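Please consult the sequence and the model shown here.

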Amino acid sequence: MAFRVLLLLLFFTLPLQAAEVAGVKFDDKARVANADLALTGAGLRKRVFFQVYAVGLYVQDRKADPIAQPGPKRVHIHMLRDVGAEQFTGALADGIKANHTEAEAKALEPRVQQLGAIMAGLKEAKTGMVIALDWTGKETVLVADGKPAGAPIPGEDFYRALLRIWLGDSPVQDDLKKALLGG
């Protein structure tokens, strides 16, 4: 009996194991701005019957609200099909509009355009490309295939707006929201 209790305790104290979504493996940990982050969950973004990207969410405290909790965070996107920069940015802008009032979305617009300019510099989110949207605790940094791209984007409100695309009241995909939250 004691052995079973020990095994049960060991099971619940082990870190979250790496996830795999559509053949994409997500590490159980990431590091952003000298902070260790844990994978909360990972899921698949689908559009009609196309697999668009696999995405994982990393935060410091898996039990806390990922949008409200302070500190570094990462949205890790692995592209499963080619998407033009304009289409990629447009989808993000649509997700922001769906989760904010018209006035809030208007206030975020210059930073959405800044993100759009960074994506335009990349030209396309190609199949196999890895895009990380990192919150350093001070600014949003887009990292493409391990290299920072463009200038950092200021404002925690902007990063929270990005997170609401997947985790807000009107997420881009309900089952994806559940998957990212570890469900």
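A residue is called buried under 20% relative accessible area, exposed over 50%, and partly exposed in between (1.4 Å probe, protein chains only). At 54% relative accessibility, D36 is therefore exposed. The model is predicted: local features need pLDDT of at least 70, side-chain atom pairs count only at pLDDT 80 or more, and totals for chains, interfaces and linings use all residues. Residues are numbered from 1 along each chain as its sequence is written, and side-chain values use heavy atoms, with hydrogens and water left out.

**Sheet**
- Seven strands form an open, antiparallel sheet in the order β3-β4-β5-β6-β9-β10-β11; strands are DSSP runs (E, at least two residues), numbered from the N terminus, and two strands pair if DSSP finds at least two bridges between them.
- The edge strands, each pairing on one side only, are β3 (29-32) and β11 (147-154).
- β4 and β5 run antiparallel and are joined by nine bridges; K46 stands opposite Q51 in β5.

**Salt bridges**
- The whole structure holds seven salt bridges, each a side-chain nitrogen of Lys or Arg within 4 Å of a carboxyl oxygen of Asp or Glu.
- D36 forms one with R31, with the closest N and O atoms 2.5 Å apart; R31 is partly exposed at 47%.
- D175 and K46 form another (3.6 Å, N to O), linking helix α5 (residues 174-180) to strand β4 across 129 residues.

**Loop between β4 and β5**
- F49 lies in the loop between β4 (35-47) and β5 (50-59) and is exposed, with a relative accessible area of 68%.

Technical notes:
Helices (H or I, at least four residues) and strands (E, at least two) are DSSP runs, numbered from the N terminus.
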